[in-house]
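Hello,

Here is the model I promised to pass on to you. Please open it alongside this email, and my notes follow below.

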Amino acid sequence: MDSTSHACVGIDVAKYSLDVCLASEDQCFTVQYDAAGLRQLVDQLPAAGSCLIVMEATGGYQNRVVAALTAAGHKVAVVNPRQVRDFARGLGILAKTDRLDARVIARFGQHAHPRPLEIGSEKQAELRELVTRRRQLVELRTAEQNRLETTTTKIVRQNVRHLVEQLDKQVRGLEEAIGKLLQSEPELASKARLLETVPGVGPVTVTSLLVDLPELGRLDRQQVAALVGVAPFNRDSGKFHGRRAIWGGRAAIRSVLYMAALTARRSNPLIRAFAQRLEAAGKPIKVVLTACMRKLLVILNSMVKNNLPWNPKLHPHCG
């Protein structure tokens, strides 16, 4: 957050209303969550660029607010609700109301200085929705395939198979739409071609990175690893030295990186050699895969930053 963003505004997003707290003035107000309410919200906020607006991720309910505020020129950060709740407990705030939540979110923003969202074009926003919808259908398809393994009744099995076939068709349709939209955005298409040169990295991983990690190529390797949640954190206290573990970050990116790391461990010579060294050192498989995820992410970040295609000789020490 730059020096102009000296104030924080917390917004608690509910289905039908928005509770707002201006931390610097300790002022709170409520607006309806509709078109008129969003216009009223923009009118009552400080000037664009003079504050950071913070809200929790609420399963998509926050998207319209984010769109309205960024269109008005505001800097917006969407944070993990667990972090805000832990912050509130640390302050001894156990009660929970919409207005109190807005106040806590504003105070969290003041102390934590969360990173504002990187705002893309309308096509990027559309691409994000397509990628999210594909992910939802894949999860649903996996659930139905698991049911098929435990179902014995003939008519139920037929029903499940039919639904899986329909989901397959819809997933393929979304993948075609994603590909066409990606190619229509020159900057994204260029980055996609660059990233797809890496062995083990396919179209699903590439589109997920471009949509859910717009900061790729703009951060150093420590920052991007921490942002995604593949940077191990120490757990030491006095003479106790616990195992380091990853924490937080962007789960959707970690999911695709995990699958990419599994593939790269077999097909990418650099990642394969890295994994073999860790295995020879006696590292558990989960530690090996997490390290491969981090190394792969750092390589991809470096490629985008330097606009260079895959070359194993350029990345031997990344990670």
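Contact, as I use the word here, means heavy atoms within 4.5 Å. This is a predicted model, so local features need pLDDT of at least 70 and side-chain atom pairs count only at pLDDT 80 or more, while totals for chains, interfaces and linings use all residues. Residues are numbered from 1 along each chain as its sequence is written, and side-chain values use heavy atoms, with hydrogens and water left out.

Let me begin with the core. Leaving out residues up to four places away in sequence, L300 touches L195, V198, V201, L209 and L216. L300 belongs to the largest nonpolar core, which has 50 residues. A nonpolar core here is a set of buried Ala, Val, Leu, Ile, Met, Phe, Trp, Tyr and Cys residues joined through side-chain atoms within 4.5 Å; buried means under 20% relative accessible area, exposed over 50%, and partly exposed in between, with a 1.4 Å probe and protein chains only. The members that touch the most others are L127, L213, L216, L296, L297 and L300. At least two residues each come from α5, α6, α7, α8, α9, α10, α11 and α12, and α12 gives the most, with 10 residues. Apart from this core lies another, of 20 residues, among them A7, I11, L45 and L69. In soluble globular proteins, nonpolar side chains tend to be buried together.

The helices and strands are DSSP runs numbered from the N terminus (H or I, at least four residues, for helices; E, at least two, for strands). In helix α7 (residues 186-195), the buried residues are L188, A189, K191, A192, L194 and L195. Their cover includes α5, α6 (154-183), α8 (203-212) and α12.

How do α9 and α12 cross? Their axes come within 10 Å and cross at roughly 125 degrees, the axes being lines fitted to C-alpha atoms over the stretch in contact, with angles from 0 to 180 degrees between N-to-C directions. That makes α9 oblique to α12; angles under 35 degrees count as roughly parallel, over 145 as roughly antiparallel, 65 to 115 as roughly perpendicular and the rest as oblique. On the α9 side, R221, V224, A225 and V228 meet R294, L297, V298 and N301 of α12. The residues of this contact divide into five nonpolar, one polar and two charged.

Elsewhere, S17 sits in strand β2 (residues 17-22) and counts as buried at 16% relative accessibility. Beyond its neighbours within four places in sequence, S17 contacts D12, T30, V31, Q32 and Y33. R103, in helix α4 (residues 98-112), is partly exposed at 28% relative accessible area. With residues up to four places away not counted, R103 touches C21, D26 and C28. R103 and L22 are 81 residues apart in sequence, yet 7.8 Å apart from C-alpha to C-alpha.

Finally, two backbone points to look at. Most residues other than glycine have a negative phi. H113, in the loop between α4 and α5 (122-150), has a positive phi near 50 degrees and is partly exposed at 45%. N307, in the segment after α12 (285-306), has a positive phi near 55 degrees and is exposed at 54%.

Best wishes

Conventions
Ala, Val, Leu, Ile, Met, Phe, Trp, Tyr, Cys and Pro count as nonpolar, Asp, Glu, Lys and Arg as charged, and the others, Gly among them, as polar.
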